[in-house]
Amino acid sequence: MNPAALIPTPDTLQVPWGWFQVLLLLTLFLHIILMNVMLGSGVIALVNLFRAGGEPTPLARDISKKLPFAIAFTVNFGIAPLLFVQVLYGNFLYASSVLMANFWLLIVAFLIIGYYLAYILDYRFDTLHNSRVPIIGLAVASLLTIGFLMSNNFTLMQRPEAWTRYFDRPTGLLLNLSDPTLIPRYLHFMVAAIAVGGLSLALLGEWRVRRGDPGAAAAVRSGCNWFAYATIVNFGIGFWFFGVLPRQVHDLSHFSGVLIAVLLVVAIILGAFSVIYSLQARVMPTLYTVLAAIFVMLLVRDLVRVAYLRPYFSLADLEVVPQYSPLLLFLVIFVAGLALIGWMARLAWRAVTAGEVRS
Ligand code: HEM
């Protein structure tokens with residue numbers, strides 16, 4: 001069967017696709033950074049508690065207070081890119097979501113489990129005794145599972161040739177496990193999350209040092225080490241990932257292939273600098289270089305999707321029926337929403353640092 005016959009006809013757009021593409025990239029960037037802080041700091045708290053034999057440690061207590069906030073922000077900042085990716089690639093994403101429908105819907109259940117456990121850890125940290133490690137372990141496992149399901153859907157959507165399996169198993173239980181890129185791609189995201197989680201702890205440590213707490217210098221060093229070593233490992237995973245991408249992605253006869261190659265080199269250089277800075281415990285230069293590296297990597301990720309879908313579809317094919325007012329209204333509300341969230345985050349941060357809030 002010709003897989004192209006399975007791709008639904010796309011809806012029309014109200015404004016040219018570039019608008020949605022820029023908004024997708026910007027909002028996905030925020031989602032991925034927050035996801036990294038949430039997941040990475042969760043993993044670090046788990047390792048820290050495990051090493052301490054489950055005894056309460058200041059680092060794990062600190063992280064457990066902030067984890068519910070981090071989950072809430074990650075989820076909320078996931079909604080905007082979900083809307084934009086559906087506008088641009090709905091005919092692919094809806095199809096793959098249906099193929100893995102049971103798993104896709106399970107994300108909500110895993111989210112509730114992870115969120116609930118994070119709250120238990122926050123509220124009962126000091127009285128949990130032996131159950132601290134299993135509770136944070138289960139919370140982290142739920143979040144890791146969500147990430148795995150995300151990677152499954154966002155790789156399955158770009159492989160219509162894999163969709164024909166539906167006719168053998170019309171159960172809504174198809175994952176993308178036969179794709180050689182799935183595991184390295186997933187690991188690339190998760191190890192990056194550990195690195196950025198470490199960096200977020202280093203940032204917090206640096207902020208405390210500046211406020212006159214010399215004891216926090218150890219947190220800066222430890223967070224930077226997490227960042228540096230996880231990123232070094234991620235260079236290896238990144239090369240593995242690149243090696244298993246199909247030929248059309250590496251194809252330098254297409255402009256997107258050239259752009260992917262150039263952007264990858266830029267991202268690798270930025271990544272290398274971030275490792276050097278973090279080994280010197282220079283937190284702010286590490287932050288700037290890694291944020292730039294992540295943004296460039298997300299551009300590459302999008303171009304890889306364009307290359308995958310080239311035999312079937314191009315964004316330029318999407319028909320535009322001009323209607324600018326919804327976009328304008330969206331932009332106004334989006335900016336106001338960001339300002340409101342910034343204000344809430346400032347309040348929450350003040351309350352957390354003053355030790356007042358039980359989220
Ligand atoms: C809280 C746990 C979550 C984790 C650990 C997580 C993790 C991830 C990861 C790893 C990716 C990249 C997948 C890949 O390309 O291989 C991703 C992408 C994405 N996530 Fe999440 N996510 C979470 C929650 C959410 C939620 C609740 C939403 C929506 C409401 C969401 C929306 C998205 C979207 C739209 C993309 C990709 C957009 C695109 O392909 O351009 N995420 N997420």
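**Reading helices, cores and a ligand shell**

Tutor: Let's start at a helix end: just after α1, G53 takes a positive phi of about 65 degrees. Helices here (H or I, at least four residues) and strands (E, at least two) are DSSP runs, numbered from the N terminus. Residue numbers start from 1 along each chain as its sequence is written. Keep in mind that this is a predicted model, where local features need pLDDT of at least 70 and side-chain atom pairs count only at pLDDT 80 or more, while totals for chains, interfaces and linings use all residues.

Student: Which other residues have a positive phi although they are not glycine?

Tutor: H129 is one, with a positive phi of about 50 degrees, and A281 is another, at about 55 degrees. H129 is found in the loop between α3 and α4, while A281 sits in the loop between α8 and α9.

Student: Where does L252 lie, and what is it in contact with?

Tutor: L252 is in the loop between α7 (247-250) and α8. With 10 C-beta neighbours inside 10 Å, L252 counts as exposed. Again leaving aside neighbours within four places in sequence, L252 is in contact with G257, V258 and A261. Its separation from F84 is 168 residues in sequence and 28 Å in space, C-alpha to C-alpha.

Student: How many residues does the largest nonpolar core have?

Tutor: A nonpolar core is a set of buried Ala, Val, Leu, Ile, Met, Phe, Trp, Tyr and Cys residues joined through C-beta atoms within 7 Å. The largest one here has 75 residues, and M38 and A195 have the most contacts inside it. Among the elements that each supply at least two residues of this core are α3 (101-124), α6 (217-244), α8 (255-279) and α9 (283-309). The largest share, 16 residues, comes from α1. Domain 1 (15-175) and domain 2 (180-322) each give this core at least three residues. M38 touches L67, A70, I71, T74 and L143, not counting residues up to four places away in sequence. Another core, of five residues, lies apart from the largest one, with V249, I260, A307 and Y308 among its members.

Student: How far apart do the C-alpha centres of the two domains lie?

Tutor: Domain bounds come from an automatic or database domain assignment. The C-alpha centres of domain 1 and domain 2 lie 18 Å apart. Their contact takes 27 residues from domain 1 and 29 residues from domain 2. On the side of domain 1 that touches domain 2, α1, α2 and α4 are the elements that give two or more residues. Here too α1 gives the largest share, 14 residues.

Student: Which residues come nearest to the ligand?

Tutor: A residue is near a molecule or strand if its C-beta atom, placed from the backbone, lies within 6 Å of it. Of the 22 residues around the ligand, G78, L82, G147, S151 and F154 come nearest. The elements that each supply at least two residues of this shell are α1 (17-51), α2 (58-99), α4 (132-156) and α5 (182-210). The largest share, eight residues, comes from α2.

Methods. Buried ≥ 20, exposed ≤ 12 C-beta atoms within 10 Å, placed from the backbone. Contact = placed C-beta atoms within 7 Å.
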